[in-house]
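Let's take a friendly walk through this model, one piece at a time. Have the sequence to hand as you read.

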Amino acid sequence: MVMVNLILILLLGGVIAMLSERAGENIPRRVALVVIMLDLAYLLSELWGMPSLTQLQAPMPDDPSTWLMHFKAQWIPAFGISIELALDGISLLMVLLTLVLGAIAVSASWTDIAVKHGFFEANLLWTLAGVLGVFMALDLFLFFLFWEVMLIPMYFMIAIWGHENRGYAAMKFFIFTQASGLLMLVATLALVKVNHSATGQWSFSYFDLLNTPMPEQTAHWLMLGFFIAFVVKLPAFPFHTWLPDAHTQAPTAGSVILAGILLKTGAYGLIRFAVPLFPEAALDFSWTAMALGAAGVVYGAVLAFSQSDFKRLVAYSSVSHMGFVLLGVYAWNELALQGAVMQMVAHGFSTAALFMIAGSLQERLHTRDMREMGGLWQQMPRMGAVAMFFVLASLGLPGLGNFVAEFLVLLGLFQISPWITAVAALGLITGAIYSLILMQKSFQGEPNPKLQDHGLVDFAGREMLTMTVMMVALIGLGLYPQPVLDMAQPVLQSLLEMTSVEAMP
Amino acid sequence: MGDMIWLVPLIPMLSSILLMLGSGSLPRVIIGLLGVCSVGAAAVLTLLVGLDFLANPQPFQMTLWTWMQVGNFSPGIAFYFDGLTLVMMSVITGVGFLIHLFSTEFMEEDVSYARYFAYLNMFVAAMLVLVMADNLLLLYLGWEGVGVCSYLLVGFWYQNSANGQAARKAFVVTRIGDTAMALGLLLLFTQLGTLDIQAMMGVANEQWQVGDTLPLIACLLLLGGAVGKSAQLPLHTWLPDAMAGPTPVSALIHAATMVTAGVYLIARTNGLFLLAPTAMMIVALIGLATSLMAAFTALMQSDIKRILAYSTISQIGYMFLALGVGAWTAGIFHLMTHAFFKALLFLGSGAIIHYLHHEHDIFKMGGLRSKMPVTFWSFMIGSAALAALPMTSGFFSKDQILLQAYLQPDAGPWLWLGGLLGALLTAIYSFRLVFVVFFGEAKTQPDGDTGWRMALPLVVLCGLAMVGGYFIIPVAEVFPVASGEHPANWVEYVSISVPLMGLLLSYLIFHSGQLNVDKLVNSSLGQWLRRFWHSGWGIDWLYDRIFVRPYYRLSGIMVNEPIDAIYGLIVAINQTFNHWLAESQTGRMRWYIASMVFGLILVLTLALQISAEAL
Amino acid sequence: MEGLNIPLNHILLVSTLLFSIGMLGLMIRRNIIFILMSLEVMLNAAALAFVAAGAHWGQPDGQIIFMLILTVAAAEVAVGLGLVLQVQRRFKTLDMDSANRMRG
Amino acid sequence: MNTGQLMALMPILMLSLTAVVLMIQASIKRDQGLAWWITAIGFLLTLWGAGYAREFTQPVTMLLMVDDWGLFFTTLILVASLVTLILSKDSFSPEGERKEEYYLLLVLSVLGAVVLIQSSHMASLLLGMELMGVALYGMIAFPEKGELPLEAAIKYLVLSACASAMLLFGFALIYAATGDLSYGGMGAKAAAAFSQEPLVLMAGSAMVLAGLGFKLSVVPFHMWTPDVYQGAPTPVTGFLATVSKGAVFVALTRFYLDGQLYQYDSLIMALSVVAMASMLVGNWLALRQDNIKRLLAYSSIAHFGYLLIVLIALAAAQSTMSSELIGQAITFYLAAYIVTTLAAFTVIANLAGEDDSKSMLSAFEGLFWRNPVQASALTVAMLSFAGIPLTAGFIGKFYLIMLSIQSQLWVLLGALVLGSAIAIYYYLRIIFAMSKTSGTMIKTESRAALGAQDIVAALLLLLVLALGSWPQPFIEFAGAL
C-alpha cells in the first residue's frame, strides 16, 4: 500500500497544486515542493523500520516476499491483470532519484514559468507519479500504462511552457515514444499470449512471465519489441533524434525531469524486462546492442561538439552518456551493470544541473545560443564555477559519480569485448572536447560586449542550494558510491543468476 | 607519524575548497596565507613523515576506506608510502611551497587571486594523491585531477580565448593518453584481478613470462598515459602551448611535478615493464627521440617560456631514456634535480616577465645581468644544472643516465650517442638563453628586481640546484638492483666534456660572435631546417591536418543530424501520401462514384479470383 | 412462368448489364436528374434479379423484396427530388460538378 | 406472434409510438419545445423498453433477432441519440421554426438503426438501413442556410443510394445462389451453393460487403465521409458517426456470422485488403487536415479499418480456438468508439455550432484556458482515439492487438501499429492547439454555471476514463452477452 500511496500523494498533490493557483501565483510551486518532500519523507519513514534494508537480500523473481515491498491487487482479472507493485534495490534507487530530482525540478521552475503556474506544477507532479509507477510496476500491463501515461503531462510541459519551437519538439517526443511504445505493447501481449498457450492462464505478472518457454524465433521478435521501446526512451543511437529537440525546447524543469529521470526509465526497462524476460535472445542480440551503445557514445559526442545551442549540446551529451548505459546493460556482468545503474544516478544529477544552468542563462540572456555568450564568468563567477564543476563531472572526472559509472561499465565491458571498449573509450576523449568547448564558449573567452551592461545576476541562495545538493551528491557518488552499489548488488546478483541459468539449459 | 600521511593531500584540498567558497569575501592577505601555509603544512608533514621513514625504512600501506566494491573489484582510497613516494612528495610539497610563495608576489595584482590559489592548492592535493596512491585507480584519480588543474590554470586568464584554446589542447591531448592508460587499467584488472600496484606486480610476475604479449600491451597502454602526461612524442604538442598560463604555474605543473607524472608511473610499475623488454625499448626510444626533437626545437625558439618548455620536454625525454634502459634510480634522480633547476629557471623567467611588462621574446631583452642580479644568478645556476655542467645537480643525474644507457645490452652505445647529442644541444640552447637575455645591450628596462617573496624561492632553488646532486634518494628498495657494471672510463670522460663543449659553442656563437653561423643559417637548407625546427618538427601542423580539421569538418557535416534526415524522410513520405490522398478528395461526386466503382471491382476481383482458384 | 424457360443466369446477366449501365450513368452524368434516374436503373436491376431468383426458387420472397425495393426507391427519389429543388434554388444549376465546395 | 415476441419488440414499439405522437403533436400544435420533450421521453421510454425486452430475448419472426447483444447496442444507440438530442436543442435554436420535423426524422432514423441492429433477414436489413438513411438525408439537409448541408445531403443521398443498389444486387445474387433471404438460412445453404455457384455467391457477398462498407466508410468507399461530416450539422455528424455506423457494423457482424461468410478465404482476403487500406489511407488523410470535423471523418475511416480486424480474426479463430475474445472485442471497441466519438462531437457541437469556420483547428486554440471542461473532454477523446492507456480506446486497441496476435494476422497488426503511430500526430495536433497560450489570451472569466453541454461532456469524459481504467465490469458484461 505504501507504493500506491506514494503515487497517490503525487497525483492528488498535482490536483491541489493546480487548484492552489487561485490563492496566488507563487503558491503552486510551494505546494509542489511540499508534496514531493512529503512523499520523500513518507517513503523514508516507511523504509526506516525495515530490517531488510540494512542487509538487502537478493530479490528472487519467483518469490515476491523476498522483495523490499510487494503489493498486489486484482484489477482486470479477465486478463490476469493486477495492480502489482514491488520495490527492490534498483527500484528504490530510481524512486529516490526521481523524488530528489523532482524537488530539484520544482526549484528549477521557480522563476522560469511565467503562465499557468498551477497547471505546470500539476503536470510536473503527475509526470513524477507516472515515473514512480514505471519504476515500481511489475505487472506488464500496469507498467505499460505508466509508461505511456507519464508522457502526457510531460508533453504538456513541453508544448505549453516550452521555447520557440515547442510544438514540433513536443510532437516529435510524443510520437517517437508512443510509436515505440506500441511495439512494446504488441510484444507484451504476444508474450502474454505465449504464456497463456503454455499455461492456460492469463497473466501479466512479471513473476509469471519470467521463464516463459518459447521458440527462439519468437523470443527474438518479442525482445526486439521491448528493446526498441526502451532504447528510444534511453535514447540510443539511432533512435535518439527526438531528444535534442525535446530537451532544447522544454522548460528548464522539463529538461531536468526528461534528462534526469525519464531517460532512466528506458535503462530501467532494459535491466528489468528486456533482458530477463528473454535472456537467450538478449544474449544473442547483445553484440548489436553494444555496437549501438558504442556508436551512440561517439556519435553523441561528435554531435554535441558541433552544437551552438547550449541546451542542445547538453542534450547530445546525454545521448553519449546513455550509450554507456546501453553498453553496461548488454555487457551483462556485475561490474558493467553496476556501472549502468551508477550512470543512471550520476547522469541524472550532472545533466539536470547543466540543464538548470542552461535555463538560468536563458532566463538572464534570453538566448541559448553560445555565440551570443562568452566571458560570462566575469559577471557570474559562481555560476561559472558551478558550471565548471558539472562540466567536469560530465566529462568523467575521477572523484565524481560519472567516472565511477563509466569506469565500471568499461571494466565490465572489457571482459566481454576489448574492441568495443576501445571504441567506447573514444567517448572519454570526445567527451572532453565537447565539455570544454561548452565552457569556452559560454563562461570563458572574450566577454561579449553586448552583455556588458546587462546587469547579469549571479546565482543566489535558492539556486546555489539546489546546485550544492547536486554537487554534494556527485562527490559522494564519486568518492563513496558503496551505498548505491550495495543497494543494487543483490538485485543484479539475482538477475545474473537467473539469466545465466537460462542461458545454459 | 606514518598514519598522518592522509593529511598531506587533505590540507591543500581543504584550503582549496575554502578559497573557492570564500573567493568573493576573503581579504588578500588571508588568501595568500591560506594558499602558502597549507602547502607549507603539507611540506612540514612530509618532512616529518620522511624523517620517520628514513629512520625505519619500512614501506607501508594505509587504507582510508574502500572506494567501491563490485565483485572482486575493490580499489580503496588507500595510500602507499615508500622511498619513491617520499621523493615525489618532497618534491611536490617542497618545490610547491616555494612556488606558492613566489606566486603571492607574482599574482599580487590579479583580480582572481583567490581562484588562483584555490586551483594551485587543488593541484598540489591532486598531485599528492597521484604519487601516494596505492592502486592504479586512485592514481588515475590524481592523474586526471592534475590534468584538470592544469587545464584550469593554463586557461586561468580565461578572457583571452587563445589561453582557453591552449588549455583545452593541453587537456584533450593528455586525455588521449589518459584514455589509453584507462584501457591499460581495464586490461590489467581483467587479466590480473587487482589494481593494487604492489599486489598487481606480484601477480603479474607469477602469471606472465618475460616477453609475453599481454604485459607488452598493458605496458604500451600505460605508456600512452605516461607519454601524454609527460609530453613525450607523439603527444607532446600541448606543453609549449600550455605556457599560456601564469609562469609559476608553468614552473610547478609544467616543469617540476605534473609533467613528470609519466616518469613516476613507469617507475612505479617497473615490475610490469620488466616483463616487457620491448616496451622498455620503446620507452627508451621515445625518450631519446623526444629529447632530441625538443632540443632542436628549443634551439630555434625566441619565446623564453617556450624555450624552457621544449627544454622540459627534452629533459623528460632523458628520464624516459633512463627508465627505458632500466636506470630507474637515475631517472627518478633526474626527475628530482630537474624539478629543482627547471622550477628555478621558470621562476626566474617569471621574474623577468613580471618586471619586463609581460615581454616573452628573448631578443627584446638583453643586458639584464646588472639590473636583475638575483634573477641573473638564478638563471646562471639553473642553466648550468640544465646543461649538466660538472658539479651541478643536473650533472650527477644526467651523467648516470648516459652511463647506464651505454650499458643497455641491445643498442646501448647508440642510445648513449643520441643522449650525448642531446646534452650538447641542451648546453647550447640553455646558454644561448643566458647570453641573449642577460648579456649584450639592454633593450627593455625592467621595473626592478624581485621582492623577497620572489627572491627567497629563487635563492633556495639555486641552492637545491647546486647541491641537489649530492642527495641520496631512498629508492633502493623500490627498484630492482642495478648491475654493478661500469662502462669504460673514456665513456665517462666524453660524457662530462660534451656539455662543456656546448657551453663553449654557445659562447662563441651567441656572445662573442666569433663563430659566425649566419651563412649556415641563411642557406636555403638552413632556413628550411630553421622553420622546421622552430615549428617543433611540424608535428602541430600535421596533427592539425590529420585530426583537428577533419574533426571540425566532421562535426560541421553532422551539425544537422544525418540520422534525423531518415526520420525526415519518413515524415516526407507520409506527407506525400497525405498530399496525394487529399488531392483525391476533389469534392466532385462523379469522382467519388468512380472510386466506389473501383472499390467494387477490387472487392469483386479479390473475391472471385481466389474462389476461382479454389475451384 | 413455365412457358418462358429462361435460365436464371441469363436474367442475372441482363440485370448485371442494367446495373452496370446505371453505374455508368452515375459516373458520366452531371445533371442531378439523370443521376437520380441512373440510381433508379440500378435499383431496378437489383429488383429484377430478385424477381428472377424468386422465380428460380419458386418462392414469393423475390417479389416481396421487389415491392420493398420499389418503396425504398420511391422514398429515395422523393427525398432526392426535394433536395433537387433546393439545389436548383441555391446553386442555380443542376450540374453536380459545381457542388464541390468541400474538398481536401 | 405471441405476447413474448411483442414484448421483445418493445424498443421498436416505443420508438414507433414516439414517432406517431410527434406527428400528431405537430399536426395539432407546432411547438418545438414540446416536441423536444416528447422525443426525449420517447427515447427514455425506449431505453426502458430495451431493458424490459431483455426478459424476452428470442427471434421475432424470421426478420428480427432480439438478443442481449442487440439490446445492448440498442441501449448504446439510444444513449447516443439522447446526446444528439441534447446537442440539437442548442444547435438548431437559431433556426427557429419547423424543428418538429427534425425530431421526427431523428426518431425515425433511430428506429431504422434499431431495426438494423436486430435484423436477421435481408428484408429487415434493407428496411432498417433505408429508414435510417432516408431520415438522415433530411437531417443533414435540415439547416436552411448555407450551401454545405445541402451539398452534403445530396452527395450522401446519391452515393448512399448507389451503395444500397450494390447491396441489393448483392443480396439478389446471394438469393439466386442459395434461395434463402434470412442470414441463418443462407448460411446453412451457402456451403452447398458454393460448390455449385461459387461465382454468384462470392460476387453477391462481395457486393454486400461493398454496400455495407460504404456505410462504414472503409476505403475505397470512403470518399463521401469528410464532405458529409463537414457539411452536416454537427449533432447530425455525431449521430451519423455513432448511431449509423454502429448499427451498420452490428448488422454486418450478424450477416457475416450467421451467413458464415468467414469460411471463404477469398472474402477474408478482400476484407483484409479493405481493412488495411482503411487503416493507412484514413490516417494519412487525417494527417494534415485542419477542419476538425473532416479530421474526425478520416479518423473514423481508420477506426473501422481497425475494427474489421475482428471479423478477419474471426475466420482464423473459427478454425483454431474459441471466439470468446471476439465478441468482447467487437462490443468493447464499438462501445468505446461510440462513447469517445460522442464526447468529441459534444465538444465540437458546443464550440463550432454550425459555423464552418469555427470547426477549423485554429478556432480551438487556447480552449484549455477558456473552457477547461470541454477541452479536457476533447483531449481525453483524442487520447482515447489514439489508444493511450487509461482511456476506453486503449482497451479497445488492446483487444484488437490481442486478437491479431492470437490469429497471427501479422500484416494487419503491422498496419494497425503503423496507422496508430501516424494517428498520434493529428490527434496531438488538436490537443496542442487547445493548449496554446499565445495570442490574445483572455483570462479565464469566471463562468456562471455549468451548461447542460458541459455536464454531458463531463459525463462522457468520465465514461471514457471509466471504461479505460476500470474495464473489468464491462468486460464481464460484454462476455455475458
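Helices α11(D) and α14(D) run roughly antiparallel to each other (angles over 145 degrees count as such), because they pack at an angle of about 170°. Their axes, lines fitted to C-alpha atoms over the stretch in contact, are 8 Å apart. This is a predicted model, in which local features need pLDDT of at least 70, side-chain atom pairs count only at pLDDT 80 or more, and totals for chains, interfaces and linings use all residues. Residues are numbered from 1 along each chain as its sequence is written, while chains are lettered from A and ligands numbered from 1 in the order in which they are written.

On the α11(D) side, the contact includes D:Gly238, D:Ala241 and D:Phe249; among the α14(D) partners are D:Leu334, D:Ile338 and D:Phe345. Two residues are in contact if their C-beta atoms, placed from the backbone, lie within 7 Å.

Now to chains A and B: 41 residues of chain A are in contact with 40 residues of chain B. Of the helices of chain A, α18(A) gives the most to this side, with 9 residues.

Finally, is helix α5(D) largely enclosed or open? 18 of its 19 residues are buried (20 or more other C-beta atoms within 10 Å of their own), so α5(D) is largely enclosed by the rest of the structure.

Notes:
Helices (H or I, at least four residues) and strands (E, at least two) are DSSP runs, numbered from the N terminus. A residue is buried if 20 or more other C-beta atoms lie within 10 Å of its own, exposed if 12 or fewer, and partly exposed in between; C-beta atoms are placed from the backbone. Axes are lines fitted to C-alpha atoms, for helices over the stretch in contact, and angles run from 0 to 180 degrees between N-to-C directions. Angles under 35 degrees count as roughly parallel, over 145 as roughly antiparallel, 65 to 115 as roughly perpendicular and the rest as oblique.
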